[in-house]
Amino acid sequence: MSKTANKDESFFKKLVGNQLFIPILALLLLAVINLINDPGFFKITLGTNNAGNPVLSGYLVTILDYGSELGILAIGMTLVTAASGGQDISVGATIAIAGSAMLRVLCGGTSRPTELAAPIIVAFLVACVVGMLCGAFNGMLVAVFKIQPMIATLILFTAGRSIAAWINNNELPIVPDPKFAYFGSFIPGIPVPTTVFIVIACIIVIALVLKFTNLGLYTQAVGINENSSRLNGINPTFIKFLSFVILGLCVAVAALIKVSRLSTINYSVIAKDIEMDAILAVALGGNALSGGKFNMWASILGAYVIQFLTTTLYKFNVQSDALAAYKAVVVIVLVVFSAPTVRDYMKQLTKKVAPAKKEVA
Amino acid sequence: MKRKVLSMVMASAMALSLVACGGGAKQEAPAESAATETPAAEETTTEEPAAEETTTEEPAAEETTAASGDLIKVGIINNDPNESGYRTANDADLKAMFNEANGYDAKFAYSLKNDEQITAAQGFIQDEVDYLLLSAADTAGWDSVLQDAQAAGVKVILFDRTIDADPSLYEASIVSDMAKEGEMAVEWLAGQGLDEYNIIHIQGVMGSAAQQGRSGALSDKVDAEASWNLVTQQTAEWNAEKAQQIVQSVIDAGTPFNVIYAENDDMAKGAVAALDAAGISHGVGKDVIVMGYDCNKWALEELLAQNWNYDGQCNPFQASYIDEIIKTLESGGTLSEKTIIMDEKGFDATTITQDDVDKYGI
């Protein structure tokens, strides 16, 4: 402790002030709990799968693998939250729609095809278009008709799964080509789950977009004050609309992974309740759910924290229908900590006990 | 202000029409609703009569009571056909039976919500149907509406699901015996003669009749036998992805297991995906025994390929039983028993044939 108290305080302030603080703290907390309980949690082993290809396995790989869809959705959800100050609750249903469209193209309308009716890339592009159309529909209601995002997206939330079933005439086709399953599992010869690469690709794309375009700035401007951003020459309607379309694209990528995992989907349960996890990821990332400033990386990290939590709970044999209750506790803690009154109180407390900062942390 | 109001009205109209086409009660009253719906909704509803014509599940053998102009009016209340493969097959079977060619004037209402089903039932009673066929979403809350039905002379037949009401309120109930399904499966498993049974038990939605019946037999056996252990017992809520994660968690923990007892085919499929990724062999004569329920066609094909070991049937084809009951009642006969339990089978991968797959696959 050679530093002066003053310096310490500013360092501490900076640390707590950083948006990545909460998700990293949560991640560390979970890691420590698991380390104490069972150090084997962090073991990663190299084995082979039933197709005879080398694969890595272990809890950490599982977290990276199963957290992928959520990580991708968190990207779009962050933008929607920042721009519109509301959330899209239809992403689970839209995954069902995009996935169903993908199945329809791949299987050509028959439930048990023997070969692919169209190349995978075509099916994926169709799914992207469908996902973006759904996003555009939501975006139009929110941006043009000024409906509250949660109410606007309630429409697809309610109707989406029925539309998904209708696309495939209520049938559940199964994709016959084992190559299609690579997206949700492993490419032969590469022991890292393919989903990890898909997430990395998405992160690179959004990083480039945020760096080389004004999307991030404009989105924040619209979220903070719509009128003043309009006076400064930004079109808030378009920015909001765009954020929903981008989310639609994220949904299509997530749908690709979901469909690929089992080569089929069940419309009524696919990606069930994933919208709540995606919103929670944004909140965990320390982003204000009322819009405005955002930190993309904190949201993505938040998504993996949620998966970390889910995997940990499964490991402790918590009843899976009780998982939601544990997540609810996390939400309550987050909401309480981000409430202005609690923040003020914490600030005062920090000032008082600045030297003994460890206890506060 | 005017514009705002107008846009709100337009948007809510859009919302309503879409919602109507989607989750809720799809009342197929041909005359009234069709005109007001959006194109998407129209296509959904038009697709249904088309399905009536094209369903080939049941050969069109019963052309007997056609014509005579005197159609029997039935109102059918069912759960949403999108719920599962079981429900889709069930709905297709009913539609193949209850149509004009077979002497029925049938109306269908679908909902997964009890209150919407009750509203639909009241509508059918006002419509003066002769028979009300009911697969209730929930067991409670049906007494008063069934009393209304009785007062109006509407005969009620329950199918697929029972309700908590006085048996005098309905003519018959045609159900699957879920407990028996579970017993058959557990008996089969016991017959495999393993030294030790380390079971991953993946349950359906907790509290549903299927879950209770299928879990009950296994739980009893595990309690009774020292060599039967549950490695984990979790609900995956009929969801393949959840089942995959549950099994993945057990694999990651390194706990040994040799049986996967999943309460439907979807969950078994999810479990098998986790096994495949981890390089654990499964099927006939392999490391892990895989058991599922519902007899989806693709699941029976997995059995045929010996990748899975057992699949229990849950018979969705109640229409012919109902038809028989209605014929008996119409001709003035009486039913010998109130509760009719359907025949159900369990398939073993070592004995299943292609014929079984074609005949019993849904």
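Author: Let's begin with what counts as touching: two residues are in contact if their C-beta atoms, placed from the backbone, lie within 7 Å. Keep in mind, too, that this is a predicted model. As for where the domains run, the assignment puts 40-176 + 316-345 of chain B in domain 1 and 179-313 in domain 2.

Chain B is the part to stay with. The chain carries twelve helices and twelve strands, and buried residues make up 45% of its 362 residues. If you take the contacts in chain B with a separation of 6 or more, 73% of them join residues 24 or more positions apart.

Now for the sheets. One of them is open and has six strands, in the order S2-S1-S3-S4-S5-S11 (chain B), with parallel pairing. Why is one side of S2 (104-110) and of S11 (339-341) left without a neighbour in this sheet? Both strands of chain B stand at the edges, so each has a single partner strand. Going from one strand to the next, the twist averages 20°.

Zoom in on S4(B). With S5 (residues 172-175) of chain B, strand S4 (residues 155-160) pairs in the parallel sense over four bridges. One bridge you can look up there: B:Ile157 has B:Ala172 in S5(B) as its partner. Sitting on this sheet is helix H4 (residues 114-126) of chain B, which touches strand S1 (72-78), S2 and strand S3 (131-134) of chain B. The direction of H4(B) makes about 175° with that of S1(B).

Back to S4(B) for a moment, to pick up S3(B). Those two strands are also joined by four bridges, again in the parallel sense, and B:Tyr131 stands opposite B:Lys155 in S4(B). S4(B) is largely enclosed by the rest of the structure, because five of its six residues are buried.

The axes of H4(B) and helix H5 (residues 143-151) of chain B come within 10 Å and cross at roughly 10°. Angles under 35 degrees count as roughly parallel, and H4(B) and H5(B) are therefore roughly parallel to each other. From H4(B), the residues taking part are B:Ile118, B:Ala121, B:Gln122 and B:Ile125, and they meet B:Val145, B:Asp148 and B:Ala149 in H5(B). Sorted by class, this helix contact has five nonpolar, one polar and one charged residues.

Then there's another open sheet in chain B, also built from six strands, running S7-S6-S8-S9-S10-S12 with mixed pairing. Here S7 and strand S12 (346-348) of chain B are the edge strands, pairing on one side only. The average twist from one strand to the next is 15°. Inside this sheet, strand S8 (residues 259-262) and strand S9 (residues 289-293) of chain B pair in the parallel sense over three bridges, and B:Val259 has B:Ile289 in S9(B) as its bridge partner. Helix H6 (residues 178-190) of chain B packs on this sheet, touching S8, S9, strand S10 (310-312) and S12 of chain B, and its direction makes about 165° with that of S10(B). Helix H10 (residues 297-304) of chain B lies across S9, S10 and S12 of chain B, at about 150° to S10(B).

Last stop, the side facing the other chain. How many residues does each chain put into that contact? Chain B gives 42 and chain A gives 40. Among the elements of chain B that each supply at least two residues are helix H1 (2-21), helix H2 (39-54) and strand S7 (228-235). H8(B) gives the most, with nine residues. Overall, the chain B side divides into 16 nonpolar, 17 polar and nine charged residues.

Terms used: Residues are numbered from 1 along each chain as its sequence is written. Chains are lettered from A and ligands numbered from 1 in the order in which they are written. This is a predicted model: local features need pLDDT of at least 70, side-chain atom pairs count only at pLDDT 80 or more; totals for chains, interfaces and linings use all residues. Two strands pair if DSSP finds at least two bridges between them. Axes are lines fitted to C-alpha atoms, for helices over the stretch in contact, and angles run from 0 to 180 degrees between N-to-C directions. Domain bounds come from an automatic or database domain assignment. Ala, Val, Leu, Ile, Met, Phe, Trp, Tyr, Cys and Pro count as nonpolar, Asp, Glu, Lys and Arg as charged, and the others, Gly among them, as polar. Angles under 35 degrees count as roughly parallel, over 145 as roughly antiparallel, 65 to 115 as roughly perpendicular and the rest as oblique. A residue is buried if 20 or more other C-beta atoms lie within 10 Å of its own, exposed if 12 or fewer, and partly exposed in between; C-beta atoms are placed from the backbone.
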